[in-house]
Amino acid sequence: MGASTGLEYSSLAWGDYDNDGRLDLAVSGYDGTHKRLIIYHNDGGNNFSMAQEPMGANTGLQDGSLAWGDYDNDGRLDLAVSGSGTAGNRLIIYHNNGGNNFSLAKEPMGVNTGLYYSSLAWGDYDNDGRLDLAVSGTDGTHNRLIIFHNDGGNNFSVAKEPMGASTGLEYSSLAWGDLRQRRPIGLGGERV
């Protein structure tokens with residue numbers, strides 16, 4: 001973005017979206033003039049180039065969250081984003097088409113509808129081999145906590161609102177885990 005330039009009310013997430021062995025970066029936030037959503041490609045040698053602005057030039061979200069996950073099992077990381085945009089609150093899943101190209105796959109809460117002051121996390125809660133999506137935040141009227149089931153084919157349906165309909169948390173954080181697991185897992189994923 002340039003020296004002494006950046007974003008506020010922002011979120012970022014690392015992920016190797018092109019499988020070249022180098023972590024790329026997605027960022028969203030407010031640059032003082034525009035809300036932004038930018039995907040940067042890691043070119044190596046401490047160099048990053050703008051790969052795409054999926055919502056369009058100088059367009060994006062603030063007060064939200066980003067999470068990489070391969071929801072369609074095609075071997076390429078896709079991107080879920082949430083936050084407040086110029087067209088309203090948004091929850092968007094972008095499909096990684098390859099070649100630095102991302103396209104809008106689904107807006108699980110509906111077009112131009114979503115959450116801000118939000119958090120996102122991918123996880124396969126039902127072990128069907130497809131990543132599901134948990135999201136928390138506010139829709140402007142209600143705080144929400146929603147688990148979306150990945151039905152396949154770019155389709156996501158509300159599986160559960162664990163705290164009750166139109167009830168949840170804002171300014172929160174989400175993480176998946178198996179609390180019934182009998183033995184703890186070490187940092188490298190091995191059972192201890």
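Modeller: Arg-130 and Asp-128 form a salt bridge, with their closest N and O atoms 3.0 Å apart. The term salt bridge stands for a side-chain nitrogen of Lys or Arg within 4 Å of a carboxyl oxygen of Asp or Glu. This is a predicted model, in which local features need pLDDT of at least 70 and side-chain atom pairs count only at pLDDT 80 or more, while totals for chains, interfaces and linings use all residues. Residues are numbered from 1 along each chain as its sequence is written, and side-chain values use heavy atoms, with hydrogens and water left out.

Arg-130 is partly exposed, at a relative accessible area of 27%, and Asp-128 is partly exposed at 29%. Here buried means under 20% relative accessible area, exposed means over 50%, and partly exposed lies in between (1.4 Å probe, protein chains only).

Arg-144 takes part in a salt bridge with Asp-139, at 3.3 Å from N to O. Asp-139 counts as partly exposed, with 23% relative accessibility, whereas Arg-144 counts as buried, with 13%. Arg-144 also forms a salt bridge with Glu-161, the closest N and O atoms being 3.3 Å apart. This pair links distant parts of the chain, 17 residues apart: Arg-144 is in strand S11 (residues 143–152) and Glu-161 in the segment after strand S12 (155–160). Strands (E, at least two residues) are DSSP runs, numbered from the N terminus. Both Glu-161 and Arg-144 are buried.

Elsewhere, a network of salt bridges links Asp-31, Arg-36 and Glu-53. The structure holds eight salt bridges.

Key: Helices (H or I, at least four residues) and strands (E, at least two) are DSSP runs, numbered from the N terminus.
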